Structure formats: C-alpha cells, structure tokens
Amino acid sequence: MVSPLHSNGHAELQRENVVSAFGDLASRPDLRPELLLKLTGKLQTTLDLNQLLEIFFTEMQQAVLVDGMVYQHAELKLRYSTGRQPPHSASYQLQTQKDYMGELVFYRSTRFREHELANIEGLLSTLVFPLRNALRYQEALLAAYRDPLTGAGNRVALDQTLNREIELTKRHQQDLSILMLDLDHFKLINDLYGHATGDEVLKDVVACIGRCIRQTDMCFRYGGEEFLIMLSNADGAGALRIAERIRMSISDLRFDTDKGPLQVTTSIGCAGMTFEDDKESLLHRADKALYRAKHAGRNRVICDVDEVTVV
C-alpha cells in the first residue's frame, strides 16, 4: 500500500500495517477496478525493467495525465526516462519493509491535485512487486556479465556492449572512443607482494577508473591486469583527457603492505572509432597504441592516430 504524500514531497510504498496515521486524512484513489485488474495483469507479463516501466507509464495515462516519468536506482546504476520533464513533479521512494526499489518521478506542466496523487499512489501499489521481481532478475543478469573480483564488466559483456555501441554510433553519426589500459609490471607486484595484494590493487584500480569516467562510460576487465574503457560520444581529444585523468589518478594510489608502500602506474592506448571500423579493427588499433605506450617507457597515454604522448 502507498502512504500519503509526505511534506517533503516523497511517499513510500509500505505494508498496510505501517502506513502513516495521516492516511485517514488523505484523498482516496478513484480508480476503476477493471483498470487495476488490467494493469496488474500486464505488469506480470515481463521481467524486463524498461518494458515493465513502459507498460506502467502507458496504462497509467488512463487514470492520470502525466507528461513524463523518470525511474532511477542509484545503487544499481539504473535509469529509465520517458516523455517530457516540465516544471511540476511528484516524487516517490519505492520500498517494502525489506527491499528498496528506487525512485519514480512523475512530471507535468500543471500541478498535481490531491485526488490525482491519490490515484498515482493507488497505481503504484500494483507496480511494487512486479518491479521487485524485475530488479532481482536485473541483478542476476548483471552478475552474469560482471567480473567477480573487480566488479567491472567481463568479456561476454564487452563483446555484446561494444558491438551494440558501434552499431548505434554509426547509425546516429556520433563519436565513440575506447581506452586499452594495462597495469605496469603487474606480474612483479604479484611476485613480490603476493596475489592478495595484487587482487586489492585490481579492485582499487577499477574503483579509481569509475571515479574518473562519466556515467555513460563503461569499464570492462579485458584480461588479467588489462582493462578496456568504452567512452560513448567522446572524440579523440575528449578521450585523451579522460585517459590522462585515469593515468594520474591511478599513479596517486598508495597501498600499505607488509613489505612497505606500493605505488602502481598504468599505460593506456586510445583509439577513436571511424565509420569503417568493426569491433576487431577498433580493438586492434587501441591495442597497438597501448603497445607503443609500454615500449615508450610506460606510465603514459598514446593515441593511435597521431601518436601524441602525454606524460
């Protein structure tokens, strides 16, 4: 059941026995039973998160006029948006007593009235459990495409994602760049400091990369100590700036070990996609740039096109 809209503009999906006492004073939903029955049935037809939210947005238009809707789950890095985002909005935190399921924000050009908010909350009560199931399914999919040690995407995820991004980039005539990153002398780290320390280095490096890239960018574990970073809508100059930021941030990492402090560096090769590229040719050019970076002295960034070196 959905509690009334709180004074801070948020409401929670809660079990009936913990609904705020102010619920008796709030407007009641005015929804046709057949609408709720139809919506409930449709929401049970899919575990795909985007499709589920699209069904909900489409069907709710029969009860409440809404211009746009945004769903996001910060922890799982999920976001879905549809329609426009005019100035007026109503925001809901979605949760049961055990599960947090993200935030939904509804937009329109005029203020929502109390009875419309009540109808939205009544409709949300049909979404909460299908949404919980879709999120669990999404988490299972993510686990299948994630490197268990570092949390970066694995090779299966890379193959699928890069092929899709290359196709979309060509279709929409946008930029796409990739960075091939390799930790310098990583075998020596494992040999001198132990594999447990090596694992900590890999995990901290991926976390460091995540802080340096944008939300639209993605990091994949390409090999043992090698990573690929996909930069959507980034030209060569933008990719070089991001690569240098990553290189400097990694060199700033410090690890305290039983054998003393440890510092790591990385070499990075950068390649921007051309419209003649496929996945193999793009990866090949980034790998050649990385090879040149390592043989030029390591701890540097080299672009495949002009061989500019940033040190």
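This is a predicted model: local features need pLDDT of at least 70, side-chain atom pairs count only at pLDDT 80 or more; totals for chains, interfaces and linings use all residues.
Buried denotes under 20% relative accessible area, exposed over 50%, and partly exposed in between (1.4 Å probe, protein chains only). Helices (H or I, at least four residues) and strands (E, at least two) are DSSP runs, numbered from the N terminus.

Residues are numbered from 1 along each chain as its sequence is written. Local features need pLDDT of at least 70, side-chain atom pairs count only at pLDDT 80 or more, and totals for chains, interfaces and linings use all residues, while side-chain values use heavy atoms, with hydrogens and water left out.

Leu131 touches Leu49, Leu52, Tyr71, Leu94 and Met101, leaving aside residues up to four places away in sequence (contact: heavy atoms within 4.5 Å).

Two aromatic pairs are present. Rings of Phe, Tyr and Trp (its six-membered ring) pair if their centres lie within 6.5 Å; planes under 30 degrees apart count as stacked, over 60 as edge-to-face and the rest as tilted. The Phe56 and Phe106 rings have centres 6.5 Å apart and planes at 45 degrees, so this pair is tilted. It links distant parts of the chain, with Phe56 in helix α2 and Phe106 in strand β4, 50 residues apart. Phe56 has a relative accessible area of 0%, and for Phe106 the value is 0%. The rings of Tyr92 and Phe106 have centres 6.1 Å apart and planes at 70 degrees, so that pair is edge-to-face. Tyr92 and Phe106 are both buried. Phe56, Tyr92 and Phe106 form one aromatic cluster.

The largest pocket has a volume of about 1,800 Å³. Its lining comprises 42 residues; Leu76, Lys77, Leu78, Leu142 and Met218 are the closest to its centre. On a 1 Å grid over the protein atoms alone, a pocket is an open set of points where a 1.4 Å probe fits, with protein on both sides within 12 Å along at least five of seven lines; lining residues have an atom within 4 Å of a point. Grid points are joined across faces, edges and corners, and a volume is the space filled by probe spheres set on the points.
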